[in-house]
Amino acid sequence: MRIAYLGVLAAVCATVCGAATAPASSTAGSSAMADNPFTRPSTLPFELPPFDRIHDGDYRPAFEAGMAEQLKQVAAIAKNPAPATFENTIVALEKSGQLRTRVEIVFSNLNSCNTDDEMQKIDTEMSPRLTAQDDAILLDPALWARVDGLYQKRATLHLNPESLQLLSRYHTLFVRAGAQLQPQQQARLKEMNKELSTLSTRFKQNVLKATTDGAVVVDSVAELDGLSPEQIGAAAQAAEGRGLKGKWLIALQNTTNQPVLTQLTNRSLRERIYKASIGRGLSVPTDNTVVIAQLVKLRAERAALLGYESHAAYQLEDESAGNPAAVRDMISKVAPAALARAKEEAADIQALIDAQAKAAGKPSFTLQPWDWFFYSEQVRKARYSFDQAKVAPYFELDHVLKDGVFYAAHQLYGLSFKERKDLPVYQQDVRVFEVSDANGKPLALFIADYFARDNKQGGAWMSPYVQQSRLLHQKPVVANHLNIPKPQPGQPVLLTFDEVTTMFHEFGHAVHGMLSNVEYPLLSGTAVPRDFVEYPSQYNEMWAREPSVVEHYARNYQTGAPMPPELLAKVLAATTFNQGYATTEYISAALLDQAWHQITVAQAPRAQDVLGFEERALKASGLDYAPVPPRYHSTYFSHVFEGGYSAGYYAYLWSEVLARDTGQWMHGHGGLTRANGDYLREHILSRGRSEDPQVLFRNFYGRGPDIEPLLEYRGLAKASGG
Ligand SMILES: [Zn+2]
């Protein structure tokens with residue numbers, strides 16, 4: 001699940017960035033901007049971007065004008081002859097660059113969820129320039145002198161806690177950007193940042209193209225045995241969409257494992273699909289081994305320049321975790337239980353493969369990664385004896401959304417939702433809801449973009465369009481993005497319980513954004529460390545399986561009948577099934593990420609050895625267990641080579657510890673109640689980063705986090721068993 005890191009980026013980019021090296025182009029003139037949709041704040045409710053008026057041609061002039069405006073504003077702050085004050089420096093920075101924020105946030109969102117060739121071109125052009133502008137601001141000596149001066153005398157400034165936190169955040173951002181380095185070192189740093197940004201963009205585009213191109217073409221419908229008629233119809237439609245009428249197309253999802261492998265009876269097709277998945281980014285024209293080799297070396301070099309042992313050490317210093325040792329410690333507590341369970345699961349599967357071979361009078365074979373889900377599904381059915389096809393009619397998207405996701409938020413926080421069909425959207429399937437608070441007052445807009453598209457990044461994530469801030473008088477506009485396959489016209493949208501859980505998860509991020517109640521944009525909503533940002537989302541998953549919530553949403557879309565209790569019990573019991581695999585594939589990827597980023601410059605491998613490095617890292621971790629490949633192999637591991645998760649993929653597990661601990665607290669205090677919701681809202685969900693995250697959690701819970709509820713939730717707590 002990809003997440004809402006944009007919150008952090010947007011806040012940082014919006015407020016601190018803007019720089020000097022990029023020449024402002026002449027197209028930034030006022031005439032070009034007169035009727036540009038980004039020129040002024042949107043006049044739509046909640047400043048919703050006017051999607052119907054935004055065209056690709058608007059981005060470049062808006063970026064130019066926004067960057068120029070930001071530079072001017074920041075220069076005025078830096079050169080202000082008056083002595084530095086919190087107001088004329090820190091608050092002024094918070095107010096600067098709003099035009100750039102408006103265009104950047106919309107562009108970045110739409111480039112992820114509704115891109116086209118032109119936008120990708122703009123992305124390639126703009127991202128290094130935006131990075132350069134950010135560097136220039138954070139490395140401006142006059143500005144640094146003001147920020148540092150204020151920070152050194154912070155105890156005498158009589159700031160309230162949130163303002164003090166803001167000042168500290170700015171100081172940290174400047175230091176981490178290299179403000180304390182010598183000019184020559186700073187010049188090198190700027191160069192490296194620009195290069196890194198270009199490499200990330202290349203990595204992203206390679207993954208997108210490799211994933212699209214990697215789709216598997218099937219010539220004969222017989223090979224698709226196991227898929228439903230709807231899925232076969234969709235595969236035919238997908239093939240037709242690419243000019244392959246009469247054939248079928250199986251599109252790839254982000255992860256190593258492909259969900260469709262669960263259903264396909266044809267073993268050689270399963271192998272083809274699996275190999276297409278892990279083959280992504282390995283060769284021209286989408287070769288990411290070259291990109292990775294350059295990226296990790298440059299990151300290590302940058303860390304060294306800034307005085308850190310490795311990129312991981314640099315990254316983790318600014319997280320709740322603090323350092324690589326803390327991450328290793330947490331992972332090492334979970335890994336043995338996960339791997340032991342995965343091996344038990346594999347033994348169950350191998351036994352089934354052997355029994356079926358024997359019954360058919362054929363030789364057996366050794367379990368391969370492309371077999372895992374096909375057979376584990378049968379083990380699951382035998383053990384929990386329910387069929388996804390029987391469950392699906394109870395998980396219809398609209399019911400799940402309104403009677404499940406929204407319902408839980410209403411019970412907990414008093415929120416109400418009303419669809420706004422009058423507001424513009426960027427794609428016809430996208431829906432907008434106005435969210436009212438318990439007192440009936442307008443709180444936020446929620447954008448739901450649930451369906452997969454060719455021009456949308458894979459996975460699921462949340463991102464804000466407008467960030468809550470009292471300083472800027474802004475209420476939040478947040479969006480959830482999923483990749484649910486769109487059924488043929490007229491067919492209902494029936495979900496798996498996994499997809500239901502993902503909806504709750506992403507909505508947890510949305511709630512974190514919507515309930516934000518802070519003064520400053522830099523500290524707003526989901527602008528928290530990466531290893532804290534998944535806490536509200538993973539916590540919110542618990543309501544997907546809470547009996548009183550399930551009873552409310554899991555109703556047959558045709559008859560309205562509630563899900564039979566015994567079926568429901570099986571679905572819930574099955575949630576701990578295969579957690580050995582799930583946890584191991586995740587931890588393998590997290591360790592891979594750490595391995596890539598705990599190296600020094602000298603240890604960085606060459607492109608030809610990228611795969612070898614990966615292999616050795618997995619071996620060294622003891623997690624190189626062939627039937628359970630990492631959730632992402634390096635060449636399509638977008639979280640860490642393109643997104644904001646470098647050295648941070650562990651963050652999901654770290655956050656989940658907090659989330660499960662909170663779940664236990666909720667159940668200990670009466671479960672789904674307004675009192676519980678309001679308590680969490682007051683201590684965590686409304687607070688953004690207005691306080692140190694570890695302090696927030698301690699204030700909420702009265703102690704530090706405990707790992708046991710997580711092991712229990714994943715069914716890993718017991719020594720063995722299903
Ligand atoms: Zn998430």
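This is a predicted model: local features need pLDDT of at least 70, side-chain atom pairs count only at pLDDT 80 or more; totals for chains, interfaces and linings use all residues.
Spacing along the sequence puts the donor residues of the zinc ion in the pattern H-x3-H-x24-E. Residues are numbered from 1 along each chain as its sequence is written, and side-chain values use heavy atoms, with hydrogens and water left out.

The protein donors are H505 (NE2), H509 (NE2) and two OE atoms of E534, at 2.0 to 2.7 Å from the zinc ion. Donors are N, O and S atoms within 2.8 Å of the metal (3.2 Å for Na, K and Ca), and water is not among the atoms, so sites may look incomplete. The 4 donor atoms subtend angles of 52 to 141 degrees, which makes the arrangement irregular. H505 and E534 are both buried, that is, under 20% relative accessible area with a 1.4 Å probe and protein chains only (exposed is over 50%, partly exposed in between).

As for the chain, it holds 28 helices and 7 strands. Its radius of gyration is 25 Å, close to the 27 Å from the globule rule for 722 residues, so the chain is as compact as a globular protein of that length; the radius is taken over C-alpha atoms, and the rule is 2.2 Å times the number of residues to the power 0.38. Of the 722 residues, 59% count as buried.

Helix α11 (residues 267–278) buries L269, R270, I273, Y274 and S277. Seen down the axis of α11, these fall within an arc of 135 degrees, so they line one face of the helix; the arc is that of the directions from the helix axis to the C-beta atoms. Their cover includes β1 (216–218), β2 (248–250) and α15 (369–384), with contact meaning heavy atoms within 4.5 Å.

In the loop between α11 and α12 (289–305) sits P285, joined to V284 by a cis peptide bond with omega about 5 degrees.

Key. Four donors count as tetrahedral if all angles lie between 85 and 135 degrees; four count as square planar and six as octahedral if opposite donors are over 155 degrees apart and all others between 65 and 115; anything else is irregular. Helices (H or I, at least four residues) and strands (E, at least two) are DSSP runs, numbered from the N terminus.
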